[in-house]
Amino acid sequence: ADTSTCAGRLATHKPSPRAPVTPETAMSAFAAVATAGYRVNPGPRRPSLGKLRTSGAEKPVLIRSLKKGSVVASARSEASAEADSFYDVTPEYCGVPITITGRPKRIVLIRHAESEGNVDETMYQRKPDHRIELTERGKKQARQAGLALKELLDPDEQVYVYVSPYTRTMQTLYELGQTLGPERVSGVREEPRMREQDFGNFQDHTMQELKKERHGFGRFFFRFPNGESASDVYDRVTSFRETLRNDMNFGRYTENCTVLIITHGLTLRVFLMRWYKWTCDMFDKLRNPGNAELVVMERGERGRYSMLSESQGEDFLLKMGFTEDMIEDQRWARTASMSDLNSSWATSKGAIFFEGFPDRLEASRRAVKRADETYFSRSETTRRQAMKEAKMKKAYDEDLRPHG
């Protein structure tokens with residue numbers, strides 16, 4: 001629908017005496033809007049609209065439902081307008097300011113606890129990846145993670161969970177819940193988009209060689225035969241991220257809630273890459289967190305999420321492979337508003353790209369040379385050895401073949 005037309009209709013429509021907007025009615029009114037591609041939150045470069053003008057008395061704000069003729073009336077006071085402090089510009093739909101609540105206090109990501117495949121990679125040759133279970137040590141790790149999460153939460157804080165449907169991630173949630181307390185969990189949603197990177201079905205003896213080739217080819221773009229690359233995972237994680245943002249905007253959580261995502265090492269790193277707009281080069285430098293280790297994204301003073309907090313310092317980020325620029329961006333996020341733009345970030349200004357590209361190009365060429373000298377030459381040696389062995393076997397078989 002044309003924005004000006006929509007806004008005009010809202011301005012002339014007489015409000016009907018309906019109930020105020022609640023998270024439930026907001027979700028109903030905006031669900032189709034989200035899937036149609038409308039932005040409820042303003043873009044970072046949208047000019048400021050100033051404060052919502054009210055006369056002190058309650059004034060109705062009309063939100064037009066997609067159902068024909070259905071208009072919901074809500075009231076927004078000066079106090080509630082002031083409370084919308086996460087944005088420097090007023091969130092709106094069709095030119096009408098709206099209240100957005102429900103940015104959880106933190107987002108916590110956990111890589112599954114130690115699994116059978118972590119201690120014995122041949123397990124993947126005889127057991128489907130999604131059925132790999134935790135070890136006894138892994139169960140203890142998960143229970144310890146539950147205690148660590150419990151210490152992080154406020155006494156009355158609830159947890160909403162998204163969990164990969166793989167057995168090892170769901171077992172991690174189950175064991176974690178034994179020490180966190182099931183009553184603290186307000187909801188659990190299986191999320192297939194946050195599953196492990198697909199390596200094909202059963203993994204055979206060539207997997208180790210393929211992982212060596214991945215280092216030479218590039219960790220982000222290397223695709224396993226019959227499986228996925230990290231860039232494939234990026235696409236489905238992007239879809240999940242939009243679901244998460246919509247759940248925030250439509251009131252699924254309270255502001256005193258933690259969102260917990262239990263997933264896998266690479267998927268966790270890809271999620272962070274997508275959320276913080278990291279480059280492929282940055283991703284290639286990252287390392288997995290430990291099994292059942294908490295990775296915390298804390299809501300800052302003005303709404304943005306930062307990986308720097310009282311519970312998680314710069315040493316942890318360095319251990320994961322963060323560069324100084326990536327850490328500086330996390331410092332910025334602690335106090336930035338939702339509509340702020342980090343002007344020193346690599347993806348924020350065109351000039352930064354053009355200044356840095358020659359160095360990136362040279363680094364790419366060096367990587368190709370290293371790969372050619374090490375990983376691919378090693379693979380070629382292996383291939384030639386296999387061919388030699390095949391020829392020797394053929395000759396041996398011919399010698400054994402009866403003559404005459």
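**Figure 1. W275 and Y305 are both buried in this predicted model.** The ring centres of W275 and Y305 are 5.9 Å apart and the ring planes meet at 75°, so this pair is edge-to-face. Because W275 belongs to helix 9 and Y305 to strand 10 (residues 305-306), the contact ties together parts that are 30 residues apart in sequence. The charged end of R241 sits over the ring of W275, at 5.7 Å from the ring centre.

**Figure 2. Helix 9 spans residues 265-276.** Its twelve residues extend 17 Å between the first and last C-alpha, close to the 16 Å expected at 1.5 Å a residue. Twelve of the twelve residues are buried, so helix 9 is largely enclosed by the rest of the structure. Among these buried residues are R269, F271, R274 and W275. K277 follows helix 9 and has a positive phi, near 60°.

**Figure 3. Y160 and Y253 form one of the aromatic pairs, of which the structure holds 15.** With ring centres 5.6 Å apart and planes at 65°, the pair is classed as edge-to-face. Y160 is located in strand 6 (residues 158-163) and Y253 in the loop between helix 8 (230-249) and strand 8 (257-263), so the pair ties together parts that are 93 residues apart in sequence. Y160 is buried at a relative accessible area of 9%, and Y253 is likewise buried, at 4%.

Figure 4. Of its members, F271 and W275 are buried residues of helix 9.

Conventions: Residues numbered from 1 in each chain as written. Predicted model: local features only at pLDDT ≥ 70, side-chain atom pairs only at ≥ 80, totals over all residues. Heavy atoms only, no water. Helix = DSSP H or I, 4+ residues; strand = E, 2+ residues; numbered from the N terminus. Expected span 1.5 Å × (residues − 1). Buried < 20%, exposed > 50% of the residue type's maximum accessible area, 1.4 Å probe, protein only. Phe/Tyr/Trp six-rings, centres within 6.5 Å; stacked < 30°, edge-to-face > 60°. Lys NZ or Arg CZ within 6 Å of the ring centre and 35° of its normal.
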